[in-house]
Amino acid sequence: MHKLRNTSGDTKENLRKQLEAIAGDGKIYVLGLGNTDRADDGAGVLVAEALREHFPSYSYSEHDGVEGTLLDISERDEDLTVVFVDAGDLRLAPGTIRIVECKDIRSTEITTHRVPVGLMSSLLSKSGKKSVVVCIQPKRTKFGRDVSREVACAVGQTISVLQEIMASRNLS
Amino acid sequence: MRALNVEALTRVEGDGGITVTLDGKRVKSVTLDVHEGPRLIEQLVKGMTPADDLNVVPRVCAICTLSHRYAALRALEKAIGIRPPEKAQLTRELMMLGENVESHSLHTFLLALPDCLGYPSAIAMLNDYADDVKRALRLKKFGNHVMAATSGRIVHGENPILGGFGKYPTKKALEEIKLKSHELVPDAVRAVELFASLEYPTYSEADMVFMSVNAPNKQYGFAGESILISNGKEVNVEDYKKLTSERVVSHSFAKRSMYQDKPFTVGANARLVNMGKRLDGQAADLFKEHYSDRWLKNPLMNNLAQAIEMVWSLEHMPELVDKITSLENPPIEQPTREDGAGTGAVEAPRGTLYHHYEIKKGLIDVSDIITPTAQNLDDIERHMRLTAERMLAEEKGDDEIRLGLEMVARAYDPCISCATHLVTLKRI
């Protein structure tokens, strides 16, 4: 889960417009991050898994192996944007959705266990690809709890927005 | 008096820090502080069946998950009288090679290399070494793939079970591994070239004692029934407590280990010191070319050792695949007794890992897990102290000393998360 500065949330229409502006005419790849065992922390994975039903070649989650997936995407010869979807502590109301540019993410260090979004987005940038993070404010992230109503609603909205955009460009 | 702190030791797994207390030009103390809370895994599995234990203990760590599973399997199968079929043993060896490549690729290229090349992180390294960052991710992805193909999942795969495998990898999956492993050897060789070309600081150098498993049939490998010590001795794994002599220290949640009252080293450098002459293929050539007496005293050589080991792991996969595919899927072997004890020792990427179990009436009565990082902690502190003393004597600045200490600690590829489950709490 990322820690981000305090900013206002985005409406569904704003989200769509912002994502379309960032992606230009290129295709959208979704990479959902998080831990589904920790309630709202798994929001990104839920989004990615739902989108995979419609876009199996364009939606991946933490469970697919993040680094390998990103490496494959970075080597594709096409105009594309990777949309990371993750729970992010925005210090806003639970369920708030906010688009954050990768350059604004704290470049957390690599550990033995994982490679941070900062490195992956830099790698994508080096390969001429764009990336952005859709953050969802979690309400609770304790182990074994259910996803909160607010975050479930935000997950649904994010799926809806991404599905709409991806249908118009990824399937053409 | 001043204290030089590296409060959060980055690019290692888990919550740890280094504290060096200096008194003028004298180093008063050097401690690698482990702040991670104890996990009490050994107590948690007490009363469980061996099969249930296998679902719990790999959760100690998400990177050495298969090492923990393999060590537990070896110990438990010994305890309840299961002799795993040859195909299961070979497939377990393959999964260990995958884990080795996955872990070493991340540590060498992305965690250790930035230190050695003077970059604050792999992200900063991207401008000049983008291809090497991609190599790391490519190797890591392949290691993950081998782990998933053999164990069922990238992390915490459940396929390796008592007496065999729930499901063996398909011939197609195995052939893909064979092909891809061959393709990736040059990426691992590049890691060797990079680490062999570096100038290694000498501040931490001192005679070291190395321990590793003794792989069977005088071959190189990641599991065995005895432990080789670089002083020439060999000890049965059932006597592991004589080698580790655990104790508790006040500044750390992780237990410490000593051998004959002295720190010792486990890890890739220990394996190559003890079994390097058994390597074959290009890995053997690289070892012969780059091995020197410095390996016996400089912990930073562990980075180069990991790179060579990565080459061996990739080169060894096709041979293993051929052996596995030549065998029919065997039935799962069943326990032959309800009571017994056994110790399993395997080489996790970062060193020797012990699991010991005592079973009564089919349930776990005693469990003991000793991780590689817990064994290395005293050695890390010893080499950090030498580094601090020698750098102070050369009047190096605080930032330089801090980096020197971090490089030593990181070279051991410590996994602090794993090391902290080892404290036993006693209530009186």
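The axes of helix H6 (residues 171–196) and helix H10 (residues 301–325), both of chain B, approach within 8 Å and cross at roughly 160 degrees. The model described here is predicted. Angles over 145 degrees count as roughly antiparallel, and H6(B) and H10(B) are therefore roughly antiparallel to each other. Their crossing is left-handed. Where H6(B) meets H10(B), the residues of the contact comprise 20 nonpolar, four polar and three charged ones.

Chain B also contains a strand pair. Strand S9 (residues 340–348) and strand S10 (residues 351–360) of chain B run antiparallel and are joined by nine bridges. Two residues lie between S9(B) and S10(B), and the two strands form a hairpin. Within this pairing, B:Gly344 has B:His355 of S10(B) as its bridge partner. S9(B) is mostly covered, with seven of its nine residues buried.

| Element | Residues |
|---|---|
| H6(B) | residues 171–196 |
| H10(B) | residues 301–325 |
| S9(B) | residues 340–348 |
| S10(B) | residues 351–360 |

Chain A can be described as a whole. Five helices and six strands are found in chain A, and from the N terminus on its elements follow the order β-α-β-α-β-α-β-β-α-β-α. Of the 172 residues in chain A, 49% are buried. Among the contacts in chain A with a separation of 6 or more, 78% are accounted for by residues 24 or more positions apart.

Notes:
Residues numbered from 1 in each chain as written. Chains lettered and ligands numbered in written order. Predicted model: local features only at pLDDT ≥ 70, side-chain atom pairs only at ≥ 80, totals over all residues. Axes fitted to C-alpha atoms, helices over the stretch in contact; angles between N-to-C directions. Helix = DSSP H or I, 4+ residues; strand = E, 2+ residues; numbered from the N terminus. Parallel < 35°, antiparallel > 145°, perpendicular 65-115°, else oblique. Left-handed = near helix turned anticlockwise from the far one by under 90°. Nonpolar A, V, L, I, M, F, W, Y, C, P; charged D, E, K, R; others polar. Buried ≥ 20, exposed ≤ 12 C-beta atoms within 10 Å, placed from the backbone. Contact = placed C-beta atoms within 7 Å. Pairing = 2+ DSSP bridges.
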